[in-house]
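Here's a quick briefing to read alongside the model. Have the viewer open, and we'll go through it topic by topic.

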Amino acid sequence: MNNKISRRDFLVTSGLLAGSTVLNPVDGLKASATVGSNAEKLKVALVGTGSRGCGMWGRDLVKRYPAYLEFVGLCDINEGRLAFGKEYIGVNCPTFTNFEKMMKDTKPDLLIVTTVDATHHDFIIKGMEMGADVLTEKPMTIDEHKIQAILDAEKRTGKKCRVTFNYRYSPHRAKIWELLRAGEIGELTSVDFHWYLDTSHGADYFRRWHRLTEKSGSLWVHKASHHFDLLNWWVDSDPETVFGLGSLEFYGKNGQFRGENCRTCKHTKTCNFYWDITKNDYYKKIYVDNEKYDGYLRDGCVFKNDVNIYDKMAASIKYKNGVQVSYSLTTYSPYEGYRIAFNGTKGRIDAWIQESKPVNDANYDEIVLFKNFNRREYIQVPHGTSGHGGGDNLLRDQVFIPNTPDPLKQCAGVRDGALACLIGIAARKSIELNKPINISELTTIQPNVRKEYTL
Ligand SMILES: NC(=O)c1ccc[n+]([C@@H]2O[C@H](COP(=O)([O-])OP(=O)(O)OC[C@H]3O[C@@H](n4cnc5c(N)ncnc54)[C@H](O)[C@@H]3O)[C@@H](O)[C@H]2O)c1
């Protein structure tokens, strides 16, 4: 048996090139188990050494997958954060403030994109054009023109881009997918999905670059694209029409008073949102100490007048297979979590997840399965041990450990990345134009009755 994995095989077997098809599972698994110093490691470069780049896609990768990958380059426009990132991630590779120079000098097999959302498309496209496959954080990008440019670039270059929808990997959400696919509630007809962000994590979006639509695409794209991707995956069809409502009536211009950022504010004693970032050593090192390079304030005031995203959103979504969804996102709730219900011809699935301030200390999440004319069934799904309900590790293992199978179709490619963003983009447009928006009018992607698994 050949115990050397070529870089191309690595990408194939980890789903980047061939997706969920495991080409040679047994050989691949044996090969990966015996991978040694003579094995060719995946050459990885990363752009965006902020919090996500340093942690989930930086230090954690170095710790978890030393046999499979090596970092060959790091890039960020903030040279201070770049230097911090190199030390925090724990690598010796060169660092760059010029992206193209990094790509030319290091020739990575895989580029990881963890920059501000509005810049993702630039790196995804240039990365593929310069010979790399790409792994991008969600949202893939923020508007329909950038989506089209990414779709075109993937076709033109023959390279692949994978979108890291970690929410799909939490055991609780995976169990829901299994129940739906097993036909436990018959034909799915509608979904009620309501997500609540609390006054801590929810407010945090209004402190950061996320508060500007031009950087994040608004929470319709930055945050809700996670939820829309879950819906697309659960419903197993493509979204067809979206009608949206939204307003900004709590944060931003609605505050009684405001400052520039918490550290310099004169309202610290009276403001419920006062937060001393300097008490967190990591945040101080990664953000505060590097403000001098770009002026970015991580502890910005949630009541700044420049906030131009919605803080209350609702959408009606119709899927090509006829499923209807009622969705809402509230950003100033006393607890964080969601309520979801799936209505089918033979029953209903209910779940209520409190991610902050849970009602009990149980180490499981519950799903209630109701079958028409039958007793209800309580299904308890143990929590995963890594971030995002255990999803983060499962996602990373699937990307980097060769031959990890994909029975639940959790790998997501550009079509999935695009459709998740397109619902939010359509909702945004719907609010502006006060009319329903057809997904088919936004890009060349035409909705299918059955979901097309692109990876
Ligand atoms: N999947 C998840 O659950 C999850 C969680 C957190 C963040 N994210 C995603 O990760 C990405 C990064 O988020 P974050 O919280 O780390 O933000 P951050 O602000 O901490 O980091 C962004 C980094 O990008 C750099 N940057 C911005 N523009 C750049 C450019 N043109 N060239 C090079 N570098 C540039 C910034 O200097 C900063 O270091 C976002 O797209 C976000 O949506 C996903």
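How many bridges pair strand E8 (residues 239-247) with strand E9 (residues 312-319), and in which sense do they run? There are eight bridges between E8 and E9, and the sense is antiparallel. Keep in mind that this is a predicted model, where local features need pLDDT of at least 70, side-chain atom pairs count only at pLDDT 80 or more, and totals for chains, interfaces and linings use all residues. Residues are numbered from 1 along each chain as its sequence is written, and side-chain values use heavy atoms, with hydrogens and water left out.

A note on labels: helices (H or I, at least four residues) and strands (E, at least two) are DSSP runs, numbered from the N terminus. Two strands pair if DSSP finds at least two bridges between them.

**The mixed sheet**

- Nine strands make up an open sheet with mixed pairing, in the order E14-E13-E12-E11-E7-E10-E9-E8-E15.
- E14 and strand E15 (437-438) sit at the edges with a single partner strand each, so one side of each has no neighbour in the sheet.
- Strand E12 (residues 347-354) pairs with strand E13 (residues 364-371) over four antiparallel bridges, and Gly-347 has Lys-371 in E13 as its bridge partner.
- E13 also pairs with strand E14 (residues 377-382), antiparallel again and over six bridges; here Leu-369 is partnered by Glu-377 in E14.
- The hairpin of E13 and E14 has five residues between the strands, and Phe-373 takes a positive phi near 65° in that hairpin.

**Helices on the mixed sheet**

- Helix H8 (residues 171-181) packs on this sheet, touching strand E7 (188-198), strand E11 (337-344), E12, E13 and E14. Contact here means heavy atoms within 4.5 Å.
- The direction of H8 makes about 20° with that of E13. Axes are lines fitted to C-alpha atoms, for helices over the stretch in contact, and angles run from 0 to 180 degrees between N-to-C directions.
- Helix H12 (residues 224-235) lies across E7, E8, E9, strand E10 (324-333) and E11, at about 160° to E7.

**The parallel sheet**

- Six strands form another open sheet, with parallel pairing and the order E3-E2-E1-E4-E5-E6.
- Its edge strands are strand E3 (95-96) and strand E6 (161-164), each pairing on one side only.
- Two bridges join strand E2 (residues 69-75) to E3 in parallel, with Leu-74 partnered by Thr-95 in E3.
- Helix H15 (residues 391-400) packs on the sheet and touches strand E1 (42-47), E2, strand E4 (110-113), strand E5 (133-137) and E6; its direction makes about 165° with that of E6.

**Nonpolar cores**

- A nonpolar core is a set of buried Ala, Val, Leu, Ile, Met, Phe, Trp, Tyr and Cys residues joined through side-chain atoms within 4.5 Å. Buried means under 20% relative accessible area, exposed over 50%, and partly exposed in between (1.4 Å probe, protein chains only).
- The largest core has 96 residues; Leu-111, Val-191, Phe-193, Trp-234, Ile-317, Tyr-327 and Phe-342 touch the most other members.
- Helix H16 (residues 414-433) gives the most to this core, namely ten residues.
- Another core lies apart from it, with 22 residues, including Met-56, Tyr-68, Ile-112 and Leu-135.
- Beyond its neighbours within four places in sequence, Trp-234 has contacts that include Arg-173, Trp-177, Phe-193 and Phe-342.

**H6 against H7**

- Helix H6 (residues 120-129) and helix H7 (residues 144-157) pack at about 10°, with axes 9 Å apart.
- H6 and H7 are therefore roughly parallel to each other (angles under 35 degrees count as that).
- Among the residues that meet are His-121, Ile-124 and Met-128 in H6, and Lys-146, Ile-150 and Ala-153 in H7.

**Backbone spots to check**

- Lys-138 and Pro-139 are joined by a cis peptide bond, with omega about -15°; Pro-139 is in the loop between E5 and H7.
- Asn-403 has a positive phi near 65° without being a glycine; this residue sits in the loop between H15 and H16 and is buried, at 2% relative accessible area.
- Lys-409, in the loop between H15 and H16, has a positive phi of about 55° and is partly exposed at 30%.

Technical notes: Angles under 35 degrees count as roughly parallel, over 145 as roughly antiparallel, 65 to 115 as roughly perpendicular and the rest as oblique.
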